[in-house]
Amino acid sequence: LFLSAILTPYAFPALVVVLLPGAIVAVLLGVLAIRRAEDLDNTQTMPVKNPLEILPALALAGLIALLTVAVRWAAQEYGEMGIAVLLALTGMLDVDATVITLASLPPQTLDPWTAGLILSIPVLLNTLYKAGFVVALAPKAYRLRASFPLMASVIASATTMGISFLL
């Protein structure tokens, strides 16, 4: 949300309208899960990596350059639907690249409400993707408990998005 507020302020209000219900649900369920958490095995440690490594930064820059060209092509060929599909597919893996790519489009390419809705799709898909990782990697006893806040937040935000289409 912060990156969108800075780079795509015209899309930010619609993005907040769609994502806020999901964020509220996720926070409430997350707090509930933490309060109910049993003692977990904390003996395993995760390796700490340098967040300033150059290869991930170069990969992000390359992805953004490729996406910028692809989105402009999709906009010319298929209009708003082309932009939405391309950003949804790529945003499933990297939402930041999606926000930056949307920000690179000429301002009148999308109206603000549509831009916010289009930007919310990859955010929701990315959240589902992460929920899938939780289900795949969490110990069996914790899969539902760990993934439920993510899935419930997507349902809340997707419902809000659906309602916004009806209005």
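Modeller: Happy to. A nonpolar core here means a set of buried Ala, Val, Leu, Ile, Met, Phe, Trp, Tyr and Cys residues joined through side-chain atoms within 4.5 Å. Keep in mind that this is a predicted model.

Colleague: What makes L19, I83, L87, L102, L110 and I118 stand out in the largest nonpolar core?

Modeller: That core has 21 residues, and these six touch the most other members. The elements giving two or more residues to the core are α2 (12-36), α3 (54-91), α4 (95-104), α5 (112-137) and α6 (143-166). The largest share, 6 residues, comes from α5.

Colleague: Which residues is I83 in contact with, leaving aside its neighbours within four places in sequence?

Modeller: V71, A74, A75, L105, T109, L110 and I118. Contact requires heavy atoms within 4.5 Å, so each of these residues has a heavy atom within that distance of one in I83.

Colleague: What makes I64, L67 and G82 "buried" in α3?

Modeller: Buried means under 20% relative accessible area. I64, L67 and G82 are listed as buried, along with others including V71, A74, I83 and L87, so each falls under that 20% cut-off. The buried residues of α3 pack against α4 and α5.

Colleague: How does the span of α6 compare with what its 24 residues should give?

Modeller: They agree: at 1.5 Å a residue α6 should span 34 Å, and its end C-alpha atoms are 34 Å apart. Still, α6 has a kink of about 30°, centred on P149. P149 is itself buried, as are A152, V154, A156 and M161, among others in α6. The buried residues of α6 pack against α2 and α5.

Colleague: And the protein overall: how many helices and strands are there?

Modeller: There are 6 helices and 0 strands, so the elements read α-α-α-α-α-α from the N terminus on. Buried residues make up 31% of the 167 residues.

Colleague: What share of the contacts between residues at least 6 apart in sequence join residues at least 24 apart?

Modeller: That share is 73%. As for the surface, the accessible area comes to about 10,700 Å², with 72% belonging to carbon and sulfur atoms.

Notes:
Residues numbered from 1 in each chain as written. Predicted model: local features only at pLDDT ≥ 70, side-chain atom pairs only at ≥ 80, totals over all residues. Heavy atoms only, no water. Buried < 20%, exposed > 50% of the residue type's maximum accessible area, 1.4 Å probe, protein only. Helix = DSSP H or I, 4+ residues; strand = E, 2+ residues; numbered from the N terminus. Areas by Shrake-Rupley, 256 points an atom, 1.4 Å probe, with all protein chains shown as cover. Expected span 1.5 Å × (residues − 1). Bend = angle between axes of the 7 residues up to and from the residue.
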